[in-house]
Amino acid sequence: MNHKSLDYTPEIRNYLLGTSLRKPPFLDELIAVTHEQTDYPIMATDPEQGQFLAFLIKSIGASRIIEIGVFTGVGTLWMAEATGEKGKVVACDLSEAYTSIGRPFWEKAGVAERIDLRLAPALDTLRELEASGETESFDFCYVDADKDSNLLYYEAVLKLLRPGGIIAFDNMLRRGQVADPSYVDKENLVIRELSAKLHHDPRVDVSFLPLCDGVYLARKR
Ligand code: CA
């Protein structure tokens, strides 16, 4: 097989981060506390991915953002910082325990007022936004939550995005499992189904990046 991808070794990653990473305030502190206080620090958004989301948000001038899956709010910090003083992030999660780890750092970083945390099933929050007349009023959405619900999140978010708005799905490569047909658990099946749907969906333009664990972007037409 002929391809130009390189192995993303720790040395290459260190080089990449060492020559490009610009962190929002209190990112290191929040990541450190996430390692101390949770069993799943791997779920926190990687810095190169956070910076990419922030870059996209600034590139399209996104001021109204939806985040599905907050965990301890690392991605939230990146996005709230990127969106600027007048921006808003509707942050959807179920866990008071995890999201409360992030809040003091959002406050110290001066972005807490931009973050509208909704502790409820994300689909309920998305339906509430639609019911309150916020159809086609959001610019950007980052989805990194229960993978089983990704198809439902996609349809609900597509209604809320303006034309030109972008939805980004995380973990779309599942550490390579999606490319191995022997993995037939529900999460892999749903993620394969979502990728297949996005590939040919005439409502969006798409780009699938092998960034971190795979980021699939769809831009609403
Ligand atoms: Ca993730």
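A pocket, for this tour, is an open set of grid points where a probe fits, with protein on both sides within 12 Å along at least five of seven lines. Keep in mind as you click around that this is a predicted model.

**Stop 1: the largest pocket.** Start by showing the largest pocket, which has a volume of about 1000 Å³. Its lining is made of 39 residues, and the closest to the centre are Met-43, Asp-144, Lys-147, Asp-170 and Asn-171. Select those five and keep them on screen. Next, colour helix 3 (47-59), strand 1 (64-68), helix 4 (74-83) and strand 2 (88-93): these are the elements that give two or more residues to the lining.

Stop 2: Asp-144 sits in the loop between strand 4 (138-143) and helix 7 (150-160), while Asp-170 sits in the loop between strand 5 (161-169) and helix 8 (186-200), so the pair ties together parts that are 26 residues apart in sequence. Are these two aspartates buried or exposed? Both Asp-144 and Asp-170 are buried.

**Stop 3: the loop between strand 5 and helix 8.** Stay with Asn-171, which lies in this loop. With 18% relative accessibility, Asn-171 counts as buried, because the cut-off is under 20%. Check its backbone too: phi of Asn-171 is near 60 degrees, a positive value in a residue other than glycine. Why stop for that? Most residues other than glycine have a negative phi.

Now select Arg-175, found in the loop between strand 5 and helix 8 as well. Phi of Arg-175 is positive too, near 50 degrees. This residue counts as exposed, since its relative accessibility is 63% and the cut-off is over 50%.

**Stop 4: helix 4.** Finally, go back to helix 4. Nine of its 10 residues are buried, so this helix is largely enclosed by the rest of the structure. To see them, select Val-74, Gly-75, Thr-76, Leu-77, Trp-78, Met-79, Ala-80, Ala-82 and Thr-83. Then step on to Gly-84, which follows helix 4 and has a positive phi, near 90 degrees.

Note on methods
Residues numbered from 1 in each chain as written. Predicted model: local features only at pLDDT ≥ 70, side-chain atom pairs only at ≥ 80, totals over all residues. Heavy atoms only, no water. Helix = DSSP H or I, 4+ residues; strand = E, 2+ residues; numbered from the N terminus. Buried < 20%, exposed > 50% of the residue type's maximum accessible area, 1.4 Å probe, protein only. 1 Å grid on protein atoms, 1.4 Å probe; cavity = no way out; pocket = protein on both sides within 12 Å on 5 of 7 lines; lining within 4 Å. Points joined across faces, edges and corners; volume = space filled by probe spheres on them.
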